[in-house]
Amino acid sequence: MASEEASLRALESLMTEFFHNCTTNERKREIEELLNNFAQQIGAWRFCLYFLSSTRNDYVMMYSLTVFENLINKMWLGVPSQDKMEIRSCLPKLLLAHHKTLPYFIRNKLCKVIVDIGRQDWPMFYHDFFTNILQLIQSPLTTPLGLIMLKTTSEELACPREDLSVARKEELRKLLLDQVQTVLGLLTGILESIWDKHSVTAATPPPSPTSGESGGDLLSSLLQSPSAAKLLNQPIPILDTESEYICSLALECLAHLFSWIPLSTSITPSLLTTIFHFARFGCDTRARKMSSVNGSSQNSVMGQERGRLGILAMSCINELMSKNCVPVEFEEYLLRMFQQTFYLLQKITKENNAHTVKSRLEELDESYIEKFTDFLRLFVSVHLRRIESYSQFPVVEFLALLFKYTFHQPTHEGYFSCLDIWTLFLDYLTSKIKSRLADKEAVLNRYEDALVLLLTEVLNRIQFRYNQAQLEELDDETLDDDQQTEWQRYLRQSLEVVAKVMELLPTHAFSTLFPVLQDNLEVYLGLQQFVVTSGTGHRLNITAENDCRRLHCSLRDLSSLLQAVGRLAEYFIGDVFAARFNDALTVVERLVKVTLYGSQIKLYNIETAVPSVLKPDLIDVHAQSLAALQAYSHWLAQFYSEVHRQNQEQFISLMSTALEAITPLVSSKVQEKLLLSACHLLVSLATTVRPVFLISIPAVQKIFNRITDTSAQRLPDKAQVLVCRALSNVLLLPWPNLPESEQQWAVRSTNHASLISALTREYRHLKPDAILPQRKVQLEDTKVIIHQTLSVLEDIVESISGESTKSRQICYQSLQESVQVSLALFPAFIHQSDVTDEMLSFFLTLFQGLRVQMGVPFTEQIIQTFLNMFTREQLAESILHEGSTGCRVVEKFLKILQVVVQEPGQVFKPFLPSIISLCMEQVYPIIAERSSPDVKAELFELLFRVLHHNWRYFFKSSVLASVQRGIAEEQMENEAQFSAIMQAFGQSFLQPDIHLFKQNLFYLETLNTKQKLYHKKIFRTAMLFQFVNVLLQVLVHKSHDLLQEEIGIAIYNMASVDFDSFYSAFLPEFLASCDGVDSNQKNVLGRNFKMDRDLPSFTQNVHRLVNDLRYYRLCNDSLPPGTVKL
């Protein structure tokens, strides 16, 4: 015994030393190694049993339990049966003796270790495992312990995490399902008895104004039966701490059980009613009040605990709610659940003299509100379509409650979550109407009032006029992951709801929104009378603090409402253009007027009393009015095509005024936000509307002159690119509604050439031989010219790449000289990866958009130049030494080659051999061994395109061969290159990068679908089973578990080429080559792999094989050395 005693003292001092903050990492590693070695010894568990019963040191207990856990999960097979019996009897005794005194985390760990034994041995060797748990629950002294054991059992056995054989997993689930009814009965009994016991003894307080809830008309209509309503109106009992603890454990058990047991009649009405009783704890504000009145900490803890019971009960309800598959016999229970939950919702949102709804919600626990909102979301998204048809379920009244709940949320996040629920509801309504157009009116009439109320309230919520306090809390500075601020997110989500209501009720929505917009516009348009001229310029003569604040709120609201009007533009076009024409025209006329007003009185340059607030407001309103007008460009285009044969005066006047509003803003002196809004509007008018007379409007000519005038100050990059795109499109895009003969291509072509010539003047004068000797300052200037010119040209090409042949021809004629200059400059910059990057971007865009116009000889010259420049040394330098820019350069080069190899016809076929050899002999060897994913994705995409678009380069299939399928095997050419490419694909599956793995697996599957890759003789005979082998190994090693399903399907597609060989040759070979399993186990694995030939059964067999192979290896590793296996 002394040695055990001595070991314990040594272990305690080691543990104390390990966790002491002065211990070095080096020493910690030594201690860790010592402890690991001790745990590996056969018989270490005996010491641990002694440690557990004799120490009070938490670290020592935790360590001892970890030794047991390791023994049971990894080495149990090799433990002698006598020892197993001893462990099975000692650990539960230890738990029973000490469970009241052990710290909770040690007790829970000990429970888990006992459950782990059950997972291995129940029922065969540990037959009383589950009956012991049931006995613990039934004995009042050990109920909490029994419940902890039950929850742990549900967690560990229903969905076992550790490796078990598939057969054992199935057996455990079946064993547990057999116990479900008993367990649910026990849990119902516990919860009911505690509730009843305390209900009887609780002295019922007189109904106070806050707690007295009369049945209420809605409640009786919801619950259908007065007795149920009466039951739910009983006062909530006051529980002692022990009872609360037991109830919380029972509810935790139920929540976990509900996550995996199927919906069935085992879940009885009495159980559901009981859960709802407990859900009321969450909406009971009295418990919290008592605690704050009495002020004692004991009471406030009580209040929190009671709230927690409500949260746990709601978790149980949500687990049931989230199941979409509802058996017919369970539907009635569901209906009852909804009725009971809506009783709670009514309770939460009840208004009375002492309380507003919002203050009630603020008093409830935030987590309870979250759970309740989850419930409502599940109800609307999963069950509404099922329940709506029940005549006894009042959906409209439910929406009224949801409305109150939504607009009294105490937090922004809570409000967002509720808006999501409304969005789901609106989507449901929209799709319902689309599928049942006949009774569209009836459906809409039922919900019209609710929708109009919703719209009005959401609009009020985004206005400072009604909701200033809340809106000022929103952050408008910090960007989130979606690159928007909290305020932008708030506005966007609100406007989505507005838009969805507009889709359902266009007339109502418009008549609600437009007057509100009008009011704020009056304020804005009335500012002109307050503008006075001062010595330095114009000043806004509004100085009183209160007036400035009111103006600030009005401008913020105007900005939001302009966004709302822009968001609704799509509901005025298409089939409804004529019906809603007058509304849309009213909006567009107002917008054109407002933008012109802002530009004429130059509100963006005006001096104000509070410049830090009012100036950004004025700029924002101006920018938003331009953006809103831009949203109506499709409407303008439709207007233009409707009136082009008639009187166009109204249309011409709208366009001219809009352009007058834009012109003064196209200047480098204007703030960027406003400048970019103006440029975007200009692009839309030139691209989407494209009227014939655009070029002749003085305002447009003014912009032309400004952009082509070299002495004028250049606009910021983004704006310059947009304006050049707009001007180029004015000249290049065909005019709508006119025949080819009236397009005036000759004049437009000349004008376009002179526009491009003016934009590229400096660039075309750069000489390649003058670049290299340049000094640093000169070189930087040259780089700026290249950057500015290429960004404009690339954008111009990109914007017409999908247009008619004529537009692209003119574009290329204008660009031709600049393209040749670029090609000549390219070699001079090959070592400046930032410049090469921009040049290759430009060439990539050219290849994607204008390769036909460039013609074959010049395209060949470009490709040849690139192939010559990108030598092995140059590629290595770019990839290995220049970081991300260098890799980007190579990626763009490969992208250009992707475009080349996809080109149909014979033109670029001569390049295939050199492209393949560049890939396989130059790029691939550099990147194959690197763990970094750079360049790999692009290279494999190129190889895929080479195969996919040039199949006949490898497989010459003659007509005769395809007629006599099976007689003549098609001829194979360039076999070595094909094999090398396939090998590269195979290698990529051995690397950890999951994105590359997924992409390449998809490429192989596509080649098989389109070109029958797996059926080709070379693949079938030399590669097929190598690929299957690699994919199986990947599954066994669990390295790419996210792709299990895709890998399983790929294995099936490969095996199905020749199932006979798969079952007779491959599978036995694969099993024979598996190490870590004995011959008997291999036979079992082989037998369990049924010879199924359909996809679901086959993939199930694959996953079973992989799971069991891993399980056997684990078992065999756990056997003590020298074990003889029979």
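Colleague: I'm starting with Phe-47. At what relative accessibility does Phe-47 sit, and how does it count?
Modeller: Phe-47 comes out at 25%, so it counts as partly exposed (buried is under 20% relative accessible area, exposed over 50%, partly exposed in between, using a 1.4 Å probe and protein chains only). Keep in mind that this is a predicted model: local features need pLDDT of at least 70, side-chain atom pairs count only at pLDDT 80 or more, and totals for chains, interfaces and linings use all residues. Residues are numbered from 1 along each chain as its sequence is written, and side-chain values use heavy atoms, leaving out hydrogens and water.

Colleague: How is a pair of aromatic rings described? And how many aromatic pairs are here?
Modeller: You give the distance of the centres and the angle of the planes. Rings of Phe, Tyr and Trp (its six-membered ring) pair if their centres lie within 6.5 Å; planes under 30 degrees apart are stacked, over 60 edge-to-face, the rest tilted. This structure holds 75 such pairs. Phe-38 is partly exposed because its relative accessibility is 21%.

Colleague: Which residue does Tyr-640 stack with?
Modeller: Phe-651, at 4.9 Å centre to centre and 15° between the planes. Tyr-640 belongs to helix 28 (residues 633-643) and Phe-651 to helix 29 (residues 649-662), 11 residues apart; helices are DSSP runs (H or I, at least four residues), numbered from the N terminus. Tyr-640 is buried because its relative accessibility is 4%, and Phe-651 is buried at 1%.

Key. Helix = DSSP H or I, 4+ residues; strand = E, 2+ residues; numbered from the N terminus.
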